[in-house]
Amino acid sequence: MNTFSFYILDNYLDGRSYGRPVTVYAARRASVSAPAVPYGGRGTAKVVVQDARKANVWTASPAGITVYLQRQTVGTTRWVTLGSAKTVTGGIASIPFISATNGAFRAVLASSVPAETLISPAIGAVSSAVVSWRLAPRTAIRGRAVTYEVAAVPYDVGALAQLQVRKAGATKWTTVKSVAVPTTRIARFAYAFPSAGSWSVRVYRPATKQHAMGLSMAVAVAVK
């Protein structure tokens, strides 16, 4: 609580003082952090809320402040509320979310000023594609094609799946097949290994606007 005093002086040099009570509220700010999470996976966003009761001196806000986590899907303007949590000691709120698409996150909460709302700066929301094996032969015969099959989710228009191989002793992966991921999300490859020996195979799904890149587990293949 503070008081502003006004002193009014008229043309006859008569003056009068007026006191007016004024409430000064703490400044408040919030910041969000969230990990990149594979599509359909569960992540937790962390929101840190701070108050400044003195100029340029920021300290943790009190516990019990309700914080809402919102996400904006890439290419849209609408913000959707994913969940909420209350701050605990240290001014921290932890809010779980399900990864669905690239876009942005922000926090929405009450300002320290009654009836006002505070919106945090937005940060990037990253959802990566998931590539899992459906068919992965572990043996093959040199020069004879074998079929590999993966599920690449979710489906994005224009998404590709690339079969990559690496022979034992090599340091780089080589892309040997590239196919468009169909709406079924099942990508198939037929490949003939050029030489006998120990090989590894994996499938790389390049990033799209909607989702970050995805990568399958590497599978060892014995080629005779």
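1. Arg134 and Glu149 are joined by a salt bridge in which the closest N and O atoms are 2.8 Å apart, a salt bridge being a side-chain nitrogen of Lys or Arg within 4 Å of a carboxyl oxygen of Asp or Glu. Arg134 belongs to strand β14 (residues 130–135) and Glu149 to strand β16 (residues 146–153), so the pair ties together parts that are 15 residues apart in sequence; strands here are DSSP runs (E, at least two residues), numbered from the N terminus.

2. This is a predicted model, in which local features need pLDDT of at least 70 and side-chain atom pairs count only at pLDDT 80 or more, while totals for chains, interfaces and linings use all residues. Residues are numbered from 1 along each chain as its sequence is written, and side-chain values use heavy atoms, with hydrogens and water left out.

3. Glu149 also forms a salt bridge with Arg188, where the closest N and O atoms are 2.6 Å apart. This pair again links distant parts of the chain, Arg188 being in strand β19 (residues 186–191) and Glu149 in strand β16, 39 residues apart. Glu149 counts as buried at 11% relative accessibility, whereas Arg134 is exposed, with a relative accessible area of 52%; buried means under 20% relative accessible area, exposed over 50%, and partly exposed in between (1.4 Å probe, protein chains only).

4. Another salt bridge is formed by the side chains of Arg28 and Asp51 (2.7 Å, N to O). Here too the pair links distant parts of the chain, with Arg28 in strand β3 (residues 27–33) and Asp51 in strand β5 (residues 42–54), 23 residues apart. Arg28 counts as buried at 17% relative accessibility, and Asp51 counts as buried at 2%. Salt bridges that share partners join Arg28, Asp51 and Arg53 into one network, and the count for the structure comes to 5 salt bridges.

5. The count of cavities of 30 Å³ or more comes to 1, and the largest cavity has a volume of about 40 Å³. A cavity is a set of points on a 1 Å grid over the protein atoms alone where a 1.4 Å probe fits but cannot get out, and lining residues have an atom within 4 Å of a point; grid points are joined across faces, edges and corners, and a volume is the space filled by probe spheres set on the points.

6. The residues that line the largest cavity include Arg71, Phe97, Phe105 and Val126. The lining divides into 5 nonpolar, 3 polar and 1 charged residues, where Ala, Val, Leu, Ile, Met, Phe, Trp, Tyr, Cys and Pro count as nonpolar, Asp, Glu, Lys and Arg as charged, and the others, Gly among them, as polar.

Terms used
1 Å grid on protein atoms, 1.4 Å probe; cavity = no way out; pocket = protein on both sides within 12 Å on 5 of 7 lines; lining within 4 Å. Helix = DSSP H or I, 4+ residues; strand = E, 2+ residues; numbered from the N terminus.
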